[in-house]
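Here is a friendly walk through one protein and its ligand. Take a look at the sequence and the 3D view, then read on.

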Amino acid sequence: MEIIIKETRKQASEIAANIVADLVKRKKPAVLGFATGATPLALYQELIRRHGQGALSFKDTVTFNLDEYVALDPSHPSSYHRFMEDNLFQHVDVPQAAIHLPDGRAENIPAACEAYEKAIKDAGGIDLQILGIGGDGHLAFNEPGSSLSSRTRIKTLTKETRTANSRYFGDIDQVPKHVITMGLGTIMEAKACLVLAFGAGKAEAVRDMIEGPVSSSCPASILQFHAHAIALMDQEAAARLRRLDYYLEVYHGKPAWQRWE
Ligand code: GLP
């Protein structure tokens, strides 16, 4: 795994935006995997800024989001459909028909999950999957214990995740218990993965992801098997890494073109 540690979330998010922009300019159509949550917000703001300046267009991109709550209407203020619309899509030029999120209201959930997998394949696979990490090491909504080769499916959230996400609903009882999420096997098929992690609350999960055993107890640790995974974080999220000095030395020893700056 390539490990990039920057002082601040803003600096790290600029590097993430450079990685996205490089792909979007180089490959048409570029197939982007997007994530929700607080973590990618600074990245989305930077992409919006560059788009506003005329430096970046998404008209030749196709997008797939990681997950969505079951039974929540796309117009619900806390749905991931709304999150993406509010925080990215309405500000850039991704064609509406090229935007994909799991359908949390599908009557036949297994069929909808299969269709989602097929849509990803038909698009040629995801070129770059943006990811956050949960405090318990989850990726998307693959909670601890998820099969390391799982596909898109329905999952039950842990109390920890429902508590963390209750900030978007006001009250934990309003947070749906079930979600549809890409599986870890689905995520692993992305040609490249970019995990973002910010703040002290992620430090333990980041350490387990990078330095711990590969285990479904820390779902993100499966990325140790990915040939092109980048973990991009701020100093606080990196604080518990045992080989922190080494990762910094490796990064600073790279030529500028390898540093995405
Ligand atoms: C959520 C999302 C994940 C996200 C994670 C961390 O439950 N399903 O995709 O990475 O939790 O959220 P945050 O970025 O708000 O810390």
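## The ligand and its contacts

Let's begin at the ligand, where one of its oxygen atoms is 3.2 Å from an N or O atom in the side chain of His-138. Keep in mind that this is a predicted model. The ligand exposes 390 Å² when taken alone, and the protein buries 93% of that.

Which residues come nearest to the ligand? There are 15 residues around the ligand, and the nearest are Ala-38, Thr-39, Asp-67, Arg-167 and Lys-202.

For a closer look at one pairing, follow β7 and β8 (residues 178–181), which run antiparallel and are joined by 4 bridges. Within this pairing, Ile-154 stands opposite Ile-180 in β8.

How many disulfides does the model have? The count comes to 0. A disulfide requires two cysteine sulfur atoms within 2.5 Å. The sulfur of Cys-113 has its closest cysteine sulfur in Cys-193, 19 Å away, so the two are too far apart for a bond. Cys-218 also has its closest cysteine sulfur in Cys-193, and at 14 Å that is too far for a bond.

Are Cys-113 and Cys-218 buried or exposed? Cys-113 is buried, with a relative accessible area of 4%, and Cys-218 is buried too, at 7%.

## Backbone details to check

Lys-28 and Pro-29 are joined by a cis peptide bond, with omega about -5°. Pro-29 sits in the loop between α1 (9–26) and β2 (30–34).

Ala-71 has a positive phi, near 70°, although it is not a glycine. This residue lies in the loop between β4 and α3 (80–87), and Ala-71 is exposed, with a relative accessible area of 58%. Trp-260, also a residue other than glycine, has a positive phi near 60°. Trp-260 belongs to the segment after α9 (244–252) and counts as partly exposed at 26% relative accessibility.

Definitions and conventions
Residues numbered from 1 in each chain as written. Predicted model: local features only at pLDDT ≥ 70, side-chain atom pairs only at ≥ 80, totals over all residues. Heavy atoms only, no water. Buried < 20%, exposed > 50% of the residue type's maximum accessible area, 1.4 Å probe, protein only. Pairing = 2+ DSSP bridges. Helix = DSSP H or I, 4+ residues; strand = E, 2+ residues; numbered from the N terminus. Near = heavy atom within 4 Å. Polar contact = N/O pair within 3.5 Å; in protein donor to acceptor, adjacent residues only side chain to side chain. Areas by Shrake-Rupley, 256 points an atom, 1.4 Å probe, with all protein chains shown as cover.
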